[in-house]
Amino acid sequence: MEEINKTAKIQFFFRPFSADPKIQVGIFVAFLVMYLTSLGGNTTIAVLVQINPSLHIPMYFFLANLAVLEIFYTSAIAPLALANLLSMGKTPVSIPGCGAQMFFFVFLGGADCVLLAVMAYDRFVAICYPLRYTRIMSWPLCVELMVGSLVLGFLLSLPLTILIFHLPFCGHNEIHHFYCDMPAVMRLACADTHTHQTALYIISFIVLSVPLSLISTSYIFIMAAILRIRSAEGRHRAFSTCSSHILVVLLQYGCTSFIYLSPRSSYSPEMGRVVSVVYTFITPILNPLIYSMRNRELKDALRRALRKF
């Protein structure tokens, strides 16, 4: 009980990127611009899909939900990271606060990964079974797949967060990161974390490999179907609907795999922070840019919306 009380009173601090205040302010400005750009881009996609009846199809339903997930996903990290940058690492976060941030980050990130697999399945049905697409991808099924993504994200996040915050923390309380990421927090525990690290690795491997296997399988069938299309224009149009999704998948899964599937012996806190910037700040910006630049329907909807103003 005494150990639990000591742990409950501990506050964490995030290590600054630099000891130079000017560099910290520069990073703050960069993070703020990226955060606001991400909010603007993803909000635009979500609103465009909502207000345009022509975009009320499963593909854009999932895209709009991905945009909303990205908004909450980034917002779980950015405010505390920005405050920490301005205070030179002096903004404290309590253990419950750190646990809450970790829970929502893993919950939304896990749902994001599952939703990308759902979107690959949607493209698979659209290209391989175009005549049966509307019957297979019914609205009830789309809602169930979206809810299922959230449920799986929740079921992933809750036990991992509980597992990590049952560890005792004492003494050193500086997190070598800009948010409460699982590997960084576990390094501060004053107990053997081998079991926890093994559990994190196994769960991360399953969560990343299963959706990625489904995505890869879907695209094998998609590519085979595209190659059977006789006209070059038809092949180009079919591929353009998938290329945006492939780019987003490579960014999301590549960065996440680097953080959570790297052996502990090769894990570098500094490199971990850099890679984390990519998938917490840069990827949420690129998602709306990639989809809007390579999607004619979205560009047309945006032009129509801008004309009204």
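Analyst: Start with residue classes: Ala, Val, Leu, Ile, Met, Phe, Trp, Tyr, Cys and Pro count as nonpolar, Asp, Glu, Lys and Arg as charged, and the others, Gly among them, as polar. By these classes, the lining of the second largest pocket has 14 nonpolar, 3 polar and no charged residues.

The model is predicted: local features need pLDDT of at least 70, side-chain atom pairs count only at 80 or more, and totals for chains, interfaces and linings use all residues. Numbering runs from 1 along each chain as its sequence is written, and side-chain values use heavy atoms, leaving out hydrogens and water.

Now the pocket itself. A pocket is an open set of points on a 1 Å grid over the protein atoms alone, with protein on both sides within 12 Å along at least five of seven lines; a cavity is a set where a 1.4 Å probe fits but cannot get out; lining residues have an atom within 4 Å of a point. Volume is the space filled by probe spheres set on the points, which are joined across faces, edges and corners.

The second largest pocket has a volume of about 360 Å³. Its lining has 17 residues, and V114, L152, V210, P211 and L214 lie closest to its centre. Helices α5, α7 and α9 each give two or more residues to this lining. Helices here are DSSP runs (H or I, at least four residues), numbered from the N terminus. α9 gives the most, with 7 residues.

So look at α9 next. It has 34 residues. From first C-alpha to last, α9 reaches 48 Å, close to the expected 50 Å. That expected span is 1.5 Å times one less than the number of residues.

An α-helix has 3.6 residues a turn, so residues three or four places apart point the same way.

Last, the closed space. The structure holds 1 cavity of 30 Å³ or more. The largest cavity has a volume of about 200 Å³. Of its 17 lining residues, V106, G110, L156, T256 and Y260 are closest to the centre. α5 (95-128), α7 (139-164), α9 (194-227) and α10 (232-260) each supply at least two lining residues. In this cavity α5 gives the most, with 5 residues. The cavity lining has 12 nonpolar, 5 polar and no charged residues.
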